[in-house]
Amino acid sequence: MTTDKDELDLERIHELLKTTYWSENIPLRIVEKAFANSFAFGLLHEGKQIGFGRFVTDYATFAYLADVFIEEPYRGRGYARLLIDTVLAHPDIRRLRRILLATADARGVYAPCGFGPLAKPQNFIKINRPDIYPRNGA
């Protein structure tokens, strides 16, 4: 595991993110900006980056966990759980009062790590712009 951004492959991160349901067609410039302004972490296996995620955080009370993925050939081997357990134990994260994330398909990965449904989902509201990234990735 590394939090050293110089050890992470930003172009590979972009290639994977632009094919996900949550970041479809995301332009590289947006990934670069998000990466620069987040607490990013990567999971390395034999020197190769196989996992990634990032926190949007104030480092005092709150973080939003985003863009978590494990490369396809490594899924189902416990790497996602290792990645989440490790980052939640990081000194800059473990003292935070609230950590949020959104997932459509990985609740089974996150639940054993302590994530659960919102106690009062009615208190949360959002702005959602699902078509903000152009189809050509510009």
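## The largest nonpolar core

Of the 21 residues in the largest nonpolar core, those that touch the most other members are Phe 55, Leu 65, Leu 83, Ile 84, Leu 88, Tyr 110 and Phe 115. Such a core is a set of buried Ala, Val, Leu, Ile, Met, Phe, Trp, Tyr and Cys residues joined through side-chain atoms within 4.5 Å, where buried means under 20% relative accessible area with a 1.4 Å probe, protein chains only. Strands S1, S2 and S3 and helix H3 (79–88) each give two or more residues to this core, and the largest share, 5 residues, comes from H3. A second, separate core of 10 residues includes Ile 13, Leu 16, Ile 26 and Ala 40.

This is a predicted model, in which local features need pLDDT of at least 70 and side-chain atom pairs count only at pLDDT 80 or more, while totals for chains, interfaces and linings use all residues. Residues are numbered from 1 along each chain as its sequence is written, and side-chain values use heavy atoms, with hydrogens and water left out.

## The sheet

Four strands form an open sheet in the order S1-S2-S3-S4, with mixed pairing; strands (E, at least two residues) and helices (H or I, at least four) are DSSP runs numbered from the N terminus, and two strands pair if DSSP finds at least two bridges between them. Strand S1 (39–45) and strand S4 (98–101) are the edge strands, each pairing on one side only. Strand S3 (residues 62–70) runs parallel to S4 and is joined to it by 4 bridges, and Leu 65 has Leu 101 in S4 as its bridge partner.

## Contacts of Phe 115

Leaving aside neighbours within four places in sequence, Phe 115 is in contact (heavy atoms within 4.5 Å) with Leu 65, Ile 84, Leu 88, Ile 99, Leu 101 and Tyr 110.

Key:
Buried < 20%, exposed > 50% of the residue type's maximum accessible area, 1.4 Å probe, protein only.
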